[in-house]
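My notes are below the display.

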Amino acid sequence: QTGKFTFDPGFTSTASCESKITYIDGEEGTLLYRGYPIDELAENSDFIETAYLLLHGDLPSGEQLDVFRGNITYHTMVHEHFKNFLNGFRRDAHPMAVMCGAVGALSAFYHDSTDIHNPEHRIISTHRMIAKMPTIAAMAYKYIMGQPFIHPRNDLHYTENFLRMCFAVPAEEYEINKVAASALDKIFILHMDHEQNASTSTVRLAGSSGANPFACIAAGIACLWGPAHGGANEAALRMLMEIGTVDKIPEYIRRAKDKDDPFRLMGFGHRVYKNFDPRAKVMKKATHEVLEALDIKDPMFAVAKELERIALEDEYFVEKKLYPNIDFYSGITLRALGFPTDMFTALFALARTVGWIAQWQEMLEDPNQKIGRPRQIYTGADRRDYVPINAR
Ligand code: SDX
């Protein structure tokens, strides 16, 4: 059943929900955004068009796309006092710590779009969230690099603007790398939404209480940061770098299968996909294309491909239905585009903001929407009377 509440004792039940946005078939390895296959969107669409699709339900006409693009572009700048907020972080702050704090603080700067019962406020906060995430992510990167913030420009495409805000320096002209922009568009599309994953469920639960959209997205960022979730792209590349060479792979495969060893293959396995993650296929192809186009020889790609080959022939992984997920190859591509490892999850959050906001909107537009309240199975002590301390 798609969307209906299902309780499976083998699966920690969380309140499920009905949604029209994303469909996943874990056995078939199917992922559809509003009915469109993810590989077709990744190959043919771009960030703004797919964002429109997720938010509005259909692909836009040329005019609708221009209006939407203009609305997003109009909101890309952040309040000038926002810099003071960022300057409060330690220079070695993890970008996800900055994103968590900064996005949560947005409601203090944009309280004129926080009334979730006002449809106008919801539209403006949606545009502001999608528009300002690249600016904030780029500021987080520039801050830890010790470089000046670069303002967004209105004449650049969304992803090009982001690359320029990250990598331009005032001392010289910055030339947009079209290969990098196209690859990043594809990566962002792959990461945009994924049904009721942990961070999206977090955003819905926070939103169900009436919390302002910026606070809800900050809650999603916090949840995504975990290495079992969005933090896996950073963890997967660090794992590949720790393995280092192909001949070390068997030792790590052994460790991943050892119940007494907490080591897991990062970028492998999935709560839902028990066949293959369709995004991983597109990601692997994109990685190969980017490395070729930028003429980068990254030894980690060879280690990743060999690790995947060995694992997929190993009965432990086959029996437990463990396949590469989207995080297995994405780090190699992001590193090739010039991003440091600790920016990877921030980029995941940038893209997933579209899905979080679309799901948040869908929940608030449901006339029967109530505050989320997952229940529990109580396994604690029976009722008992208080015992004074001198009698314990
Ligand atoms: C994302 O939900 C989403 O949609 C998430 C996401 C999205 O777009 O929002 O797709 C993004 O989070 C992808 C997943 C990224 N995380 C990782 O790559 C981290 C490494 N993977 C695992 O930690 C793990 O696979 C999970 C967290 C993804 C799923 O964990 P589960 O639910 O425990 O996996 P499972 O129930 O399918 O596990 C089956 C068995 C278990 O062993 P047993 O208890 O049956 O003995 O396989 C084992 C697990 O211990 N296992 C692994 C493993 N993943 C699961 N063993 C070794 N290496 C792994 N990676």
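The notes cover the annotated active site, then helix 3.

Entry 1, the annotation. I worked from a predicted model. I took the "active site" annotation from the unreviewed UniProt entry, which lists His270 and Asp327. They span 58 residues in sequence, but no two of their C-alpha atoms are more than 10.5 Å apart, so I noted them as gathered at one spot.

I found His270 in the loop between helix 12 (249-257) and helix 13 (278-293). Its relative accessibility is 21%, so I put it down as partly exposed, since buried requires under 20%. Beyond neighbours within four places in sequence, I listed His194, Asp277, Arg279 and Asn325 as contacts of His270. I also noted a polar atom of the His270 side chain 3.2 Å from the backbone nitrogen of Tyr273.

I located Asp327 in helix 16 (residues 327-336). At 5% relative accessibility Asp327 counts as buried. Leaving out neighbours within four places in sequence, its contacts include His191, His229, Asn233 and Phe348.

I checked the span of helix 3 (residues 62-74): its 13 residues reach 18 Å from first to last C-alpha, close to the 18 Å expected at 1.5 Å a residue. Which residues of helix 3 are buried? I recorded Leu65, Phe68, Ile72 and Thr73. They cover an arc of only 135 degrees around the axis, so they lie on the same side of helix 3. Glu63, Asp66 and Tyr74 are exposed on the other side. I noted that the buried residues pack against helix 2 (47-56), helix 6 (119-145) and helix 7 (158-167).

Definitions and conventions. Residues numbered from 1 in each chain as written. Predicted model: local features only at pLDDT ≥ 70, side-chain atom pairs only at ≥ 80, totals over all residues. Heavy atoms only, no water. UniProt positions renumbered as here; feature names shortened; annotations may be inferred. Helix = DSSP H or I, 4+ residues; strand = E, 2+ residues; numbered from the N terminus. Buried < 20%, exposed > 50% of the residue type's maximum accessible area, 1.4 Å probe, protein only. Contact = heavy atoms within 4.5 Å. Polar contact = N/O pair within 3.5 Å; in protein donor to acceptor, adjacent residues only side chain to side chain. Expected span 1.5 Å × (residues − 1). Arc of directions from axis to C-beta.
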